[in-house]
Amino acid sequence: MEHDVIIIGSGPAGLAAAVAARGRDKSVLVIGNRWQDSPLAKAERVENYLGLPGRTGMELLEEFHRHAEQAGAEFVTGKALALMVWNGFSVTVGSQVFKGNALILTPGVVRQSKYPGEAEFLGRGVSYCATCDGMLYRNRPVVVVGLSPDAPKEANYLKRLGCQTVYVSPKQPEGLEEDIPFLRAGRLAVKGEGTVSALEVDGAEIPCAGVFILRPAVAPTDLLPELRTENGAIQVDRQMATNLPGVFAAGDCTGAPLQAAKAVGEGHIAGLSACRYLDDLGTF
Ligand SMILES: Cc1cc2nc3c(=O)[nH]c(=O)nc-3n(C[C@H](O)[C@H](O)[C@H](O)COP(=O)(O)OP(=O)(O)OC[C@H]3O[C@@H](n4cnc5c(N)ncnc54)[C@H](O)[C@@H]3O)c2cc1C
């Protein structure tokens, strides 16, 4: 399905961008984890959001989400796992692909450090999506590195495919089927030669054919390696344009201050800029 604007990230910046773009009558798809997963949901009291002091973060997010929904934005709940730039932008979520003509990145702050061996074996035993790649490992041993809330479900799915599944995580998982062994994660490294042969956990190797590393989000520079960043923040101009044509960014991902009001303001500008970009192309 094709939209004028695709937004990756469902926090304050993404929702504000959606409202702005809908105001210019563009079709908008917001791809994001559940809106309740924005870090703002953890704020017990937000005192500095103009005109609405004393709300909880969850209350604000609920209003933001409702506003974007009422404005006509469409939503897909899930992780944007891959992005292809060709004749617009194609974003992969699970086994689905969504196409847009302008792209707004609002992923918040995404931890970007990788495990040793992870980048080297990506696509050769390392995967970020059990739903997409699970069948490749049917009846073979796999390890799931569970860092996101949906990781236990993905591990259960792999087990149902016949994979001999081990679950590694920094904390006790919720919803993991009882017969899947769980190890508390320490230092991890992906090992192999050509393809993955093991995951090393605190110096001990677990032999496996696949390692599924399931984080809550994929860093924007993994989605778009040519994206220019500085000290981990996406570089933007005052129109929230990045160095890549048709790609805009807003919110915490563009750097400090990490505040909801800044995210909303930048999201609004990014939404308008994406519409101007489409109008200048002249085909929308
Ligand atoms: C405890 C706490 C208290 C806070 N209190 C305040 C306060 O009082 N006042 C204030 O102004 N700010 C406060 N903040 C900061 C505020 O939460 C952030 O500045 C704001 O949420 C940033 O909005 P954003 O839209 O840029 O990013 P986020 O809110 O982080 O939203 C980004 C969303 O996109 C998702 N995402 C990322 N990558 C992908 C991907 N590849 N696919 C799908 N989804 C993806 C993320 O999971 C997340 O849900 C607080 C933060 C915390 C943690």
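I started with strand β9 (residues 164-169), which pairs with β10 in the parallel sense over three bridges. Two strands pair if DSSP finds at least two bridges between them. Helices (H or I, at least four residues) and strands (E, at least two) are DSSP runs, numbered from the N terminus.

Before going on, I noted that this is a predicted model, where local features need pLDDT of at least 70 and side-chain atom pairs count only at pLDDT 80 or more, while totals for chains, interfaces and linings use all residues. Residues are numbered from 1 along each chain as its sequence is written, and side-chain values use heavy atoms, with hydrogens and water left out.

**The sheet**

Which residue stands opposite Arg184 in β10? I found Ser169 there. On to β8: five bridges join β8 to β9, and the two run parallel. One partner I looked up was that of Val142, which is Thr165 in β9.

Then I wrote down the strand order, β7-β14-β8-β9-β10, in an open sheet of five strands with parallel pairing. The edges are β7 (126-127) and β10 (182-184), each pairing on one side only.

Is β9 mostly covered or open? It is mostly covered, with five of its six residues buried (buried means under 20% relative accessible area, exposed over 50%, partly exposed in between, using a 1.4 Å probe and protein chains only). Helix α4 (residues 151-160) lies across β8 (141-146), β9 and β14 (210-214), and runs at about 165° to β9.

**Arg138**

I found Arg138 in the loop between α3 (130-133) and β8. Its relative accessibility is 42%, so Arg138 counts as partly exposed. Leaving out residues up to four places away in sequence, Arg138 touches Leu161 and Cys163 (contact means heavy atoms within 4.5 Å). Arg138 and Cys163 are 25 residues apart along the chain, yet their C-alpha atoms are separated by 5.4 Å.

**The helix pair**

Last, I looked at helix α1 (residues 12-23) and helix α2 (residues 57-70), which pack at an angle of about 25° with their axes 9 Å apart. That makes α1 roughly parallel to α2 (angles under 35 degrees count as roughly parallel, over 145 as roughly antiparallel, 65 to 115 as roughly perpendicular and the rest as oblique). Axes are lines fitted to C-alpha atoms, for helices over the stretch in contact, and angles run from 0 to 180 degrees between N-to-C directions.

Which residues meet? Pro12, Leu15, Ala18 and Val19 in α1 meet Leu61, Phe64, His65, His67 and Ala68 in α2.
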